[in-house]
Amino acid sequence: MLYFVARRLFSALSVVLATLVVTFALFFIAPTDPAAAICGERNCTQERYNDIRENLHLDRPKVQQFAEYTAGIFAGRTFETSGVVQDCKAPCLGFSFKSNRPVTEMLASRIPVTVSLVAGYSVLVLTIGVFVGSMAAKRRGTTADRVLMSSTLVLSSIPYYIVALMISLYLTILYPILPRGGYTPLSESPGKWFAGLLTPWLVLGIYSCTQYARYSRGSMVETLSEDYIRTARAKGLSDRVVTYKHALRSGLIPVVTIFGLDIAGSLGGAIFTERIFDLPGLGNLVLSSLTTYDLPVIMGVVLVSSVILVTMNFVVDVAYSVIDPRVRLS
Amino acid sequence: MSIGSPDSTVGVEDHPASAEPVRSATVAHGKSPTRIAIDRLRKDKVAIVCVTVVVFFILVAALAPLLTKLEGSDISTFNADLVDEYGYPTIIANAQHWFGVEPKTGRDNFARWVYGARPSLAVAFVATLVGTIVGVVMGLLAGFLGGWVDRIISWVIDFVLSLPYLLFAIAMVPIVESLRGGSFNLSPSEQASTRFLVLIFVLSFFGWAGLARIIRGEVLSLREREFVLAAKAIGVPTHQVLFKELLPNLVAPIVISASLSLPAYVTAEAGLSFLGVGLIEPIPSWGQTIANATNWFKADPLYLWLPVLGITVLVLALALLGDAVRDAFDPKTRR
């Protein structure tokens, strides 16, 4: 077990390191002049340009620049813009010369939005998605099951952003049946927070429920045909206990695996939802940074979400091997 | 569902593997797995409808210049006389503009719609082709050679699969543009063609890894089989073992993966264009039109619905077709 965890940890760390190198290479080595790219082309003065070159030590060897960037993540560093020294604290992911703020600070202000979105989404897919899937598995082969499964196949084949956009345009703007998307901090007004997030939750949740229903149906169908389920039934346990206590427990394992990776993916990538429903989360930050060519911010988000994804991958793998010992042997 | 009709495997059972089959010139001998799958697809009504829809879109894309000539307009002519002072189109449809004109610019909707089918299909097909070739070669090499080649390729596969692909796709755009001298120094058509290549690169870069992993797994079990051993024993060179002996046995996973990645790439292309990081003017694309049309959807619903329906129907047909192909090739449903 320990050997397995150590091996997975080593490979996870190697992937994180490679991600760091690749993103750094993309942003600092690929552009012919990173200072010009960071400075932008519309309102870049010579003074600002020199500031950036100076701060990032762009005249020094690339390896040293990389070492400084990496050191900044663990120990923090300082930047100087037009004479003012800016402190970039410990997890320093660089400095946005466009908005004169450390990237970490900008990310931190957006994270609550994305986390709120993903939290509500998780509740929906894990309750409705799994429930519908297990109901379908119990009624396998009936007309209800067939209709449900083919309708989920059709719905999940339509691109997500089309569904979200059409609902946003027609059901929140033209005919305001659902509240319009928006973000108010939970601490400010829980009611407004809930109302603004309700539509995005429903749209993202119900769309993804179709996939979760399919996963959990597949896994429940397999579990329900196992011998121990027959034993449980033979003992005279009620149908409800057999389905939800005996079968669901092991039937949920593969679903939870997918859920872990899905959540990690959405934390960095709920871009369409945030854009369509106007939520100022991480995805929207990337898009707005793109229009201003604010490369350090994009790099920061890419790095953070890659690390979240790799970490989640590792956690899911280890958790899986704890639950199912067969995984360790392969 | 019509899957698994018993008569489709009749030819296989008729001839035991050990006996020398008596072949007559007219009666078909036992069917190959691919043949069986194609026969099953032919009987699948959903698959036939989907193929028809996909062929329709391919024809629209291929015949776009002809269709616009037939209508009598083109994609780039501004018709300022057909929009009012606020930018709203003054006509809904006429003989010259079958689906009306765009708000603000007055360009022809029909022409932009038929031309919009082109980049979607081109990006999807090219990215699928590149991703499939790279995936198959990498998977074959990793599975067959083993050792350090396998370790390196497997690590790269894990690495690629653990990157957030949407974010990387977005991040690639400004980087490639600054590599080519910055977006402000490029002419619009240069910038648009750069975006086109970036899209294909990003999609195939993130698309090959999944297939490579599947192929590697398949090869790991195939390479222990007798026919591979026999080929090696009589001194067949490695590349021939890979491509003449192993590859024909990998048709099913390759076809399945390619048919499932087509709808995914059409979706991704239009999605990225919608976000503003995909295709840009002057190349007409559905995703871009949708992004513009959201500002006019109340006054001019047709402008929004044309590309929305285009993408939805095309992706739906491709996805259901992919599903049918998977069922047809899956040996589990063959019984």
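Predicted model: local features only at pLDDT ≥ 70, side-chain atom pairs only at ≥ 80, totals over all residues.
1. Is Tyr165(B) buried, exposed or partly exposed? Tyr165(B) has 17 other C-beta atoms within 10 Å. Since a residue needs 20 or more to be buried and 12 or fewer to be exposed, Tyr165(B) counts as partly exposed. Along the chain, Tyr165(B) and Leu203(B) are 38 residues apart, yet their C-alpha atoms are separated by 8.6 Å.

2. Once its neighbours within four places in sequence are set aside, Leu203(B) is in contact with Val123(B), Ala127(B), Tyr265(B) and Ala268(B). Leu203(B) also belongs to the largest nonpolar core, which has 153 residues. Which members of this core touch the most other members? They are Val301(A), Leu199(B) and Leu203(B). From chain A, the core takes at least three residues from domain 1 (34-92) and at least three from domain 2 (107-323).

3. Now for chain B as a whole. Its secondary structure comes to 13 helices and zero strands, and reading along the sequence gives the pattern α-α-α-α-α-α-α-α-α-α-α-α-α. Chain B has 335 residues, and 40% of them count as buried. Of the contacts in chain B with a separation of 6 or more, 70% are between residues 24 or more positions apart.

4. Here is a helix pair in chain B to look at. Helix H4 (residues 64-71) and helix H5 (residues 109-145) of chain B have axes 9 Å apart and pack at an angle of about 175 degrees. An angle over 145 degrees counts as roughly antiparallel, so H4(B) and H5(B) are roughly antiparallel to each other. On the H4(B) side, the contact is made by Ala64(B), Leu67(B), Thr68(B) and Glu71(B). H5(B) contributes Phe110(B), Ala111(B), Val114(B), Tyr115(B) and Arg118(B). Sorted by class, this contact of H4(B) with H5(B) has six nonpolar, one polar and two charged residues.

5. Helix H12 (residues 286-293) of chain B is mostly covered, with six of its eight residues buried. Which residues of H12(B) are buried? They are Trp286(B), Gly287(B), Gln288(B), Thr289(B), Ile290(B) and Ala293(B). Within chain B, these buried residues pack against H5, helix H11 (251-275) and helix H13 (301-329). They also pack against H7 of chain A.

6. Turning to chain A, the secondary structure comes to 15 helices and four strands. The C-alpha trace of chain A spans about 80 × 60 × 35 Å along its principal axes. Buried residues make up 38% of its 330 residues. Among contacts in chain A between residues at least 6 apart in sequence, 64% join residues at least 24 apart. The domain assignment gives domain 1 (34-92) and domain 2 (107-323), and 38 Å separate the centres of these two domains of chain A, taken over C-alpha atoms.

7. How many residues of chain A are in contact with chain B? There are 41, and they touch 35 residues of chain B. The elements giving two or more residues to this side of chain A include helix H1 (2-29), helix H6 (143-157), helix H7 (160-174) and helix H14 (295-323). H14(A) supplies the largest share, nine residues. By class, the side of chain A that touches chain B has 29 nonpolar, 10 polar and two charged residues.

8. Helix H9 (residues 227-234) of chain A is hardly covered, since the count of buried residues among its eight residues is zero. H9(A) is followed by Gly236(A), whose phi is positive, near 95 degrees. Where is Asp278(A) placed? Asp278(A) lies in the loop between H12 and H13 of chain A. Its phi is near 60 degrees, a positive value in a residue other than glycine. Asp278(A) is partly exposed because it has 14 other C-beta atoms within 10 Å.

Conventions: Residues numbered from 1 in each chain as written. Chains lettered and ligands numbered in written order. Core = buried A, V, L, I, M, F, W, Y, C linked by C-beta atoms within 7 Å. Domains from an automatic or database assignment. Contact = placed C-beta atoms within 7 Å. Nonpolar A, V, L, I, M, F, W, Y, C, P; charged D, E, K, R; others polar. Axes fitted to C-alpha atoms, helices over the stretch in contact; angles between N-to-C directions. Parallel < 35°, antiparallel > 145°, perpendicular 65-115°, else oblique.
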